[in-house]
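Hi there,

Here is the structure I promised to pass on to you. Have a look at it first, and then read my notes below.

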Amino acid sequence: MSVRLDLIKTLIEPAEIVADVGCDHGLIAEYCANSDTFGHVIASDISDKSLQKARDLLGARSNVEFVCCDGMGYECDEAVISGMGGMLICDILRNAVKLPKTVIASAHTDSDKVRKCLIELGYGIDKDVAVIDRNKFYSVIRAKQDGGTKELNDLQLLFGVDCAEPSPALESRLKRLYDVYMQAPSKNAERLEKVIAALRLQGVNVTTFTS
């Protein structure tokens with residue numbers, strides 16, 4: 001079972017229409033379809049072959065609609081977009097037929113770009129959780145049109161809105177980044193400075209950590 005997917009499920013809120021965007025196997029769509037807090041579930045993917053996996057999993061459920069399209073060529077109240085790069089998530093949001101009230105996003109890369117995009121589109125981020133899944137680091141972000149943090153500093157953009165809150169997963173990620181950047185400290189001086197600042201927010205004594 002995926003730790004990241006389990007976390008995503010905890011952040012999905014009741015909605016009349018919820019979409020699992022880029023659904024692949026349809027695990028998020030299945031979770032929503034099995035709940036009585038969603039009126040209608042959309043499972044969508046750009047690949048009909050991938051969408052077939054979701055059809056096989058979910059079967060002919062009356063509360064699920066399967067849509068083969070590029071991005072969000074439909075309207076929904078809440079969208080879960082995960083399992084892809086951050087730039088692609090940004091493209092999907094910017095080209096959506098209509099932006100949903102709530103977005104839950106988890107990118108493989110460029111989470112900072114996703115945060116910036118959400119803010120530019122008028123969302124406020126109310127949840128931003130770091131998680132380790134199969135030795136990889138992810139951020140799971142929930143953003144709403146009617147609430148949350150709408151102005152982010154550099155550290156929040158890079159490492160999460162709640163980067164000052166204790167997080168073992170974020171601390172581990174920062175320590176790994178520190179080790180990587182220290183292999184060429186002069187070249188990575190600006191990045192190192194931000195990682196060290198974020199480590200201090202996490203309560204890490206950088207001098208002790210590096211000794």
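**What I found in the sheet and its helices**

D20 stands opposite A43 in β2. That pair belongs to the place where strand β1 (residues 15-21) runs parallel to strand β2 (residues 38-45), the two being joined by 6 bridges. Please keep in mind as you read that this is a predicted model.

In general, strands of a sheet pair through backbone hydrogen bonds, either parallel or antiparallel. Here the sheet is an open one of 7 strands, with mixed pairing, and its order is β3-β2-β1-β4-β5-β7-β6. Which strands sit at the edges? They are β3 (64-68) and β6, each of which pairs on one side only. From one strand to the next, the twist averages 15°.

Helix α1 (residues 3-11) touches β4, β5, β6 and β7, and its direction makes about 155° with that of β6. Helix α3 (residues 48-58) touches β2 and β3, and the angle between its direction and that of β3 is about 170°.

Now pick out strand β5 (residues 102-107). Is β5 mostly covered or mostly uncovered? It is mostly covered, with 6 of its 6 residues buried. T102, I104 and S106 point one way, while V103, A105 and A107 point the other way, and all of them are buried.

On one pairing, β5 runs parallel to strand β4 (residues 78-84), with 6 bridges joining them.

Strand β7 (residues 136-144) has 7 of its 9 residues buried, so the rest of the structure largely encloses it. It also pairs with strand β6 (residues 124-133), in the antiparallel sense and over 9 bridges. As a landmark, A130 has S139 in β7 as its bridge partner.

β6 and β7 form a hairpin with 2 residues between them. In that turn, R134 has a positive phi of about 55°. N135, in the loop between β6 and β7, has a positive phi too, of about 70°, although it is not a glycine. Is N135 buried or exposed? With a relative accessible area of 54%, N135 is exposed.

Why point out these phi values? Most residues other than glycine have a negative phi. D110 is one more residue to look at: its phi is near 55°, a positive value in a residue other than glycine. You will find D110 in the loop between β5 and α5, and at 33% relative accessibility it counts as partly exposed.

**Two pairs of helices**

Two packed helices are described by the angle between their axes and the distance between the axes.

Helix α4 (residues 86-94) and helix α5 (residues 111-120) pack at an angle of about 15°, and their axes are 8 Å apart. That angle makes α4 roughly parallel to α5. Their crossing is right-handed. On the α4 side, the contact is made by G86, M87, I89, C90, L93 and R94, and on the α5 side by K113, V114, C117, L118 and E120. Sorted by class, this contact of α4 with α5 has 7 nonpolar, 1 polar and 3 charged residues.

The second pair is helix α7 (residues 168-181) and helix α8 (residues 189-201). Their axes come within 10 Å and cross at roughly 150°, and α7 and α8 are therefore roughly antiparallel to each other. Here α7 passes α8 in a left-handed crossing. E171, L174, K175, L177, Y178 and Y181 in α7 meet R191, L192, V195, I196, A198 and L199 in α8. By class, that contact has 9 nonpolar, no polar and 3 charged residues.

**One last residue**

Finally, find E30, which lies in helix α2 (residues 27-33). At 22% relative accessibility, E30 counts as partly exposed. Leaving aside neighbours within four places in sequence, E30 is in contact with L57, L58 and R61.

Enjoy exploring, and write back with any questions.

Best wishes

Key. Residues are numbered from 1 along each chain as its sequence is written. This is a predicted model: local features need pLDDT of at least 70, side-chain atom pairs count only at pLDDT 80 or more; totals for chains, interfaces and linings use all residues. Side-chain values use heavy atoms; hydrogens and water are left out. Axes are lines fitted to C-alpha atoms, for helices over the stretch in contact, and angles run from 0 to 180 degrees between N-to-C directions. Helices (H or I, at least four residues) and strands (E, at least two) are DSSP runs, numbered from the N terminus. Angles under 35 degrees count as roughly parallel, over 145 as roughly antiparallel, 65 to 115 as roughly perpendicular and the rest as oblique. A crossing is left-handed if the near helix is turned anticlockwise from the far one by less than a right angle, and right-handed if clockwise. Contact means heavy atoms within 4.5 Å. Ala, Val, Leu, Ile, Met, Phe, Trp, Tyr, Cys and Pro count as nonpolar, Asp, Glu, Lys and Arg as charged, and the others, Gly among them, as polar. Buried means under 20% relative accessible area, exposed over 50%, partly exposed in between (1.4 Å probe, protein chains only). Two strands pair if DSSP finds at least two bridges between them.
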